[in-house]
Amino acid sequence: MKFSIEETNNLLRNRRSIYPAMYSDVPVDDTIIKEMLENANWAPTHKLTEPWRFVVFKGEGLKKLATFQSELYKELSTKAGNFDASKFEKLATKPLMASHIIAIGMKRDPKAYVPEIEEVAAVACAVQNMYLTATAHGIGCYWGSGGITYKEEAKSFFGLGAEDKLLGFLYVGNLKTDKWPAGKRGPIEEKVSWVES
């Protein structure tokens, strides 16, 4: 089996994080979201543990997510004495800027056959597959890991247990403009060393 090298390179090199402020009000078709999820399911996974778990929010579900995360933040930050009203407002409104939000979870193998870091890496590969699928469709994506992401108290809302991890949220939306953002990277030669003898 062989694929177009040029198209593959273009897809990989043009993947971008595109933020919710750049999304239009036009919803992304659910068939694209389902394709993203199906491609996520084909990520590399050591010992075939397939640790990725996703919860998709859309429509009224986005409001449910916004309410949950803002109220949890309020509860935890009030107890800690560092409540910030602007952060609360951001958590209550930012989800409503997206067409869909996919909560990203890592379900830990109960037998712990592989190190946890390998399970996290597998989930990250699954997210990259979603990013690339969205890019192929001209859809914007952004993996956010702020807010309630690493709060133990958030896990059960997303169907995760004590040994599992909530790794963030993939915001998805159609762009307001046809202009795709440019990217930049430093030369690969600065990040690679070769051992030849």
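Strand 2 and strand 4 pair in the antiparallel sense over 7 bridges, where pairing requires at least two DSSP bridges between two strands. Helices (H or I, at least four residues) and strands (E, at least two) are DSSP runs, numbered from the N terminus. This is a predicted model, in which local features need pLDDT of at least 70, side-chain atom pairs count only at pLDDT 80 or more, and totals for chains, interfaces and linings use all residues. Residues are numbered from 1 along each chain as its sequence is written, and side-chain values use heavy atoms, with hydrogens and water left out.

- The open sheet has 4 strands in the order 1-2-4-3, with antiparallel pairing.
- Strand 1 (52-58) and strand 3 (140-144) are the edge strands, each of which pairs on one side only.
- From one strand to the next the twist averages 20°; axes are lines fitted to C-alpha atoms, for helices over the stretch in contact, and angles run from 0 to 180 degrees between N-to-C directions.
- Strands of a sheet pair through backbone hydrogen bonds, either parallel or antiparallel.
- Strand 1 and strand 2 run antiparallel and are joined by 7 bridges; Val 56 has Ile 102 of strand 2 as its bridge partner.
- Gly 105 has Leu 166 of strand 4 as its bridge partner.
- Strand 3 and strand 4 (residues 165-173) pair in the antiparallel sense over 5 bridges, and Trp 143 has Leu 170 of strand 4 as its bridge partner.

**Burial of strand 2**

- Strand 2 is mostly covered, with 7 of its 7 residues buried; buried means under 20% relative accessible area, exposed over 50%, and partly exposed in between (1.4 Å probe, protein chains only).
- His 100, Ile 102, Ile 104 and Met 106 point one way from strand 2, while Ile 101, Ala 103 and Gly 105 point the other way, and all are buried.

**Helix packing**

- The axes of helix 1 (residues 5-14) and helix 5 (residues 116-136) come within 9 Å and cross at roughly 110°.
- Helix 1 and helix 5 are therefore roughly perpendicular to each other; angles under 35 degrees count as roughly parallel, over 145 as roughly antiparallel, 65 to 115 as roughly perpendicular and the rest as oblique.
- Helix 1 contributes Leu 11, Leu 12 and Asn 14 to this contact, and helix 5 contributes Leu 132, Thr 135 and Ala 136; contact means heavy atoms within 4.5 Å.
- By class, the contact of helix 1 with helix 5 has 4 nonpolar, 2 polar and no charged residues; Ala, Val, Leu, Ile, Met, Phe, Trp, Tyr, Cys and Pro count as nonpolar, Asp, Glu, Lys and Arg as charged, and the others, Gly among them, as polar.

**Salt bridges**

- The whole structure contains 7 salt bridges, each defined as a side-chain nitrogen of Lys or Arg within 4 Å of a carboxyl oxygen of Asp or Glu.
- Lys 58 forms a salt bridge with Asp 30, with the closest N and O atoms 2.6 Å apart.
- That pair links distant parts of the chain, with Lys 58 in strand 1 and Asp 30 in helix 2, 28 residues apart.
- Lys 58 is partly exposed at a relative accessible area of 41%, and Asp 30 is partly exposed at 27%.
- Asp 164 forms a salt bridge with Lys 107, with the closest N and O atoms 3.2 Å apart.
- Asp 164 lies in the loop between strand 3 and strand 4 and Lys 107 in the loop between strand 2 and helix 5, so this pair links distant parts of the chain, 57 residues apart.- Asp 164 counts as buried at 3% relative accessibility, whereas Lys 107 counts as partly exposed at 31%.
- Glu 116 forms a salt bridge with Lys 165, with the closest N and O atoms 4.0 Å apart.
- Glu 116 lies in helix 5 and Lys 165 in strand 4, so the pair ties together parts that are 49 residues apart in sequence.
- Glu 116 counts as partly exposed at 32% relative accessibility, and Lys 165 is partly exposed with a relative accessible area of 30%.

**Positive phi**

- Lys 47 has a positive phi of about 60° although it is not a glycine; Lys 47 lies in the loop between helix 2 (30-40) and strand 1 and is exposed, with a relative accessible area of 58%.
- Glu 50 has a positive phi of about 45° although it is not a glycine; Glu 50 lies in the loop between helix 2 and strand 1 and is partly exposed, with a relative accessible area of 35%.
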